[in-house]
Structure formats: structure tokens, C-alpha cells
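Please read the points below with the model at hand.

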Amino acid sequence: MDWALSMADGTRKWNDSTPLPWEPECARFFAALKTFDDYLASDVELKAPLEKLFQGPIADAINHTGQLAMMRRLSGAAMKTENYYQADIVAGRVGAEQTPPKREF
């Protein structure tokens, strides 16, 4: 998400973060996601087209999420699935605190 923000604000800076233990890494991720979300919701002019942000860093994050889900399933620790079409998606709510799934598959 740091990369996505740097594309949106025009700095185009890659940041190789040192992996942290699970809880601090989750906190870092959600903080970066919130910063990116806040930037997108602001009146600041985007320095990259929305289409490029979606086909670049956002699609990349979705792709890696799918890879992690697949690896967990292959290792016998499958994640619960959810119907995202019916999910309670709320603009600005980007942290770990989310509405429980309405319907799991």
C-alpha cells in the first residue's frame, strides 16, 4: 500500500520494509492502507490515473491475497470464504475491525 500511495501522490518511491512479527506487521499494513484510503478520499489531485492504480498496486495486492489463500488451502489451513458481492463494504473502514460475513460459502 506504500507503493500505491507513492503512485497516487506522484513520488513513485518503492519501500523495502523489513518484515515484522505478525501483530506489528498487521498494524503496519492497516496503517498504510488507511493512509492510502484517506489520500484517495481527499480533494488532493491524483498524480496517477485511477485505472493505473487499480491495474497496478491494487490488482497486485488482490493477486497476492489469492496466492496466500491458495497456499493456506494447500497446507490444510483453508480460510473461510465470503461472498464479497453481499459483504458490508463501508468506505473508510479499512482496519481489521470488519462486519462479520453475511454469508460464507
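The numbered points go from the overall fold to particular residues.

1. Basis of the note. The model is predicted: local features need pLDDT of at least 70 and side-chain atom pairs count only at pLDDT 80 or more, while totals for chains, interfaces and linings use all residues. Residues are numbered from 1 along each chain as its sequence is written, and side-chain values use heavy atoms, with hydrogens and water left out.

2. Overall fold. The protein has three helices and zero strands, in the order α-α-α from the N terminus. Helices (H or I, at least four residues) and strands (E, at least two) are DSSP runs, numbered from the N terminus. Taken along the principal axes, the C-alpha atoms fill a box of roughly 40 × 30 × 25 Å.

3. Of the 105 residues, 16% are buried; buried means under 20% relative accessible area, exposed over 50%, and partly exposed in between (1.4 Å probe, protein chains only). Among contacts (heavy atoms within 4.5 Å) between residues at least 6 apart in sequence, 57% join residues at least 24 apart.

4. Surface. The protein exposes about 8200 Å², of which carbon and sulfur atoms supply 60%. Accessible areas come from the Shrake-Rupley method with a 1.4 Å probe; for residues, only the protein chains shown count as cover. Leu68, Met70, Met71 and Leu74 make a nonpolar patch of about 460 Å². Patch residues have over 30% relative accessible area and no salt bridge; nonpolar side chains (Val, Leu, Ile, Met, Phe, Trp, Tyr) are joined within 5 Å, like charges within 9 Å. A salt bridge is a side-chain nitrogen of Lys or Arg within 4 Å of a carboxyl oxygen of Asp or Glu. Methionine 71 lies in helix α3 (residues 50-74) and is partly exposed, because its relative accessible area is 49%.

5. Aromatic pairs. How many aromatic pairs are there? The count is two, where rings of Phe, Tyr and Trp (its six-membered ring) pair if their centres lie within 6.5 Å; planes under 30 degrees apart count as stacked, over 60 as edge-to-face and the rest as tilted. Tryptophan 3 and tryptophan 14 are edge-to-face, at 6.0 Å centre to centre and 70° between the planes. This pair links distant parts of the chain, 11 residues apart: tryptophan 3 is in helix α1 (residues 2-9), and tryptophan 14 in the loop between α1 and α2 (22-41). Phenylalanine 29 and phenylalanine 30 also form an edge-to-face pair, at 5.2 Å and 65°.
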